[in-house]
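Welcome! Here is a friendly walk through one protein chain, starting with a detail of its side chains and widening from there.

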Amino acid sequence: INYNQTPMEQPPLLLAIIIHNSILYAQMEIFLNMKIRKATNADFPRMMEIYAMARTFMAEHGNPNQWGPNCWPPESLILNDIECGNSYVCVNDEDRVIGTFFFIQGPDIEPTYRKITEGNWLDDSSYGVVHRLAGDGSEKGIGAFCIDYAYRQCGHLRIDTHTDNTVMQKLVTKLGFVHCGTIYVEEDNYPRRAYEKSEKLKKQH
C-alpha cells in the first residue's frame, strides 16, 4: 500500500482487496450487534408481531400468497416449535428480538423435501432446514445472520421459498445456495423453489 495515495489511487488489484476487506469489516460490525438463542414462551408475542410485519412486507413486495391468505404461521405451530426446542430468535445488542426462525437437522429431516421436481438435491447426507424466517427490518442482515447461524451448526442446509419471494431468492443465492428444483408444502398448492448449500459440495469443487 502506498500511504501517500488515496484508496482510489491504489493499483486495481490492491483496490479490489481494500474494497473486499471493507465490506467484510462492515458485515462483521453489523453481525456483532446480533446474536442467536433459542426462543422461549416469553418471546412468543414479539415473534407473532414480527410475523405480522413479514406478511405485510411480503404483500408490499409482490408476494401476497406465501403467508397472507392463511395468516401463516399459525400460533399453535410457533408454540409447538418453541416447546420442541426448534424455534430461534435473533436479538440485538439491547436483547430485543428482531428476527425469528425454525431450525432442525438430521437424516431426511424434512418430509416435504423427499419429493423434488424439475431437478434434484445435490447432497444426500444428513442436513439442516430453516423455515419461518422473518425479521423486523431494524438491522441490516438479519436474514443472512440467521441463515449463516443455521449453516454453521450443520454444514449442509436446505431451504425453500415461494416462487414470488424474490427477496428471499436473492438472499440465498447471495449466500451461496444452489437452486435445485421445486417442492410443494402441505399448507397450500403454490410451488416452492428449493435451495441447498453444503460443505461437502464445496470441497468437491
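The charged end of Lys-197 sits over the ring of Tyr-151, 4.5 Å from the ring centre. Arg-132 does likewise with Phe-102: its charged end lies over that ring, 4.5 Å from the centre. A charge sits over a ring here if NZ of Lys or CZ of Arg is within 6 Å of the ring centre and within 35 degrees of the ring normal.

Please keep in mind that this is a predicted model, where local features need pLDDT of at least 70, side-chain atom pairs count only at pLDDT 80 or more, and totals for chains, interfaces and linings use all residues. Residues are numbered from 1 along each chain as its sequence is written, and side-chain values use heavy atoms, leaving out hydrogens and water.

**Rings that meet**

How many aromatic pairs does the structure hold? There are seven. Rings of Phe, Tyr and Trp (its six-membered ring) pair if their centres lie within 6.5 Å; planes under 30 degrees apart count as stacked, over 60 as edge-to-face and the rest as tilted. Two of the pairs are listed here.

| Pair | Centre to centre | Angle between planes | Type |
|---|---|---|---|
| Tyr-88 and Tyr-149 | 5.9 Å | 55° | tilted |
| Tyr-113 and Trp-121 | 5.1 Å | 50° | tilted |

Tyr-88 belongs to strand β2 and Tyr-149 to helix α4, 61 residues apart, so the pair links distant parts of the chain. Both tyrosines, Tyr-88 and Tyr-149, are buried, where buried means under 20% relative accessible area, exposed over 50%, and partly exposed in between (1.4 Å probe, protein chains only). Ring pairs also join Tyr-88, Phe-101, Phe-103 and Tyr-149 into a cluster. In the other pair, Tyr-113 is buried at 1% relative accessibility, and Trp-121 is buried at 13%.

Helices (H or I, at least four residues) and strands (E, at least two) are DSSP runs, numbered from the N terminus. In helix α5 (residues 166-174), Met-168, Gln-169 and Val-172 are buried. Seen down the axis, these buried residues fall within an arc of 100° (taken from the directions from the helix axis to the C-beta atoms), so they line one face of α5. On the other side of α5, Lys-170 and Lys-174 are exposed. The buried residues pack against β4 (127-135), α4 (142-154), β5 (156-162) and β7 (191-198).

Helix α3 (residues 75-84) has Ile-78, Asp-81 and Ile-82 buried. They fall within an arc of 95° seen down its axis, so they too line one face of the helix. The face of α3 turned away from that side carries the exposed Ser-76 and Glu-83. Just after α3, Gly-85 takes a positive phi of about 80°. Asn-86 lies in the loop between α3 and β2 and is buried at 17% relative accessibility. Leaving aside residues up to four places away in sequence, Asn-86 touches Asp-81, Phe-101, Phe-102, Phe-103 and Ile-104, with contact meaning heavy atoms within 4.5 Å.

**Cysteines and the whole chain**

The structure holds zero disulfides, a disulfide being a pair of cysteine sulfur atoms within 2.5 Å. For Cys-90, the nearest cysteine sulfur is that of Cys-146, 4.4 Å away. Cys-90 is buried, with a relative accessible area of 0%.

Stepping back, the chain has six helices and seven strands. Of its 205 residues, 43% count as buried.
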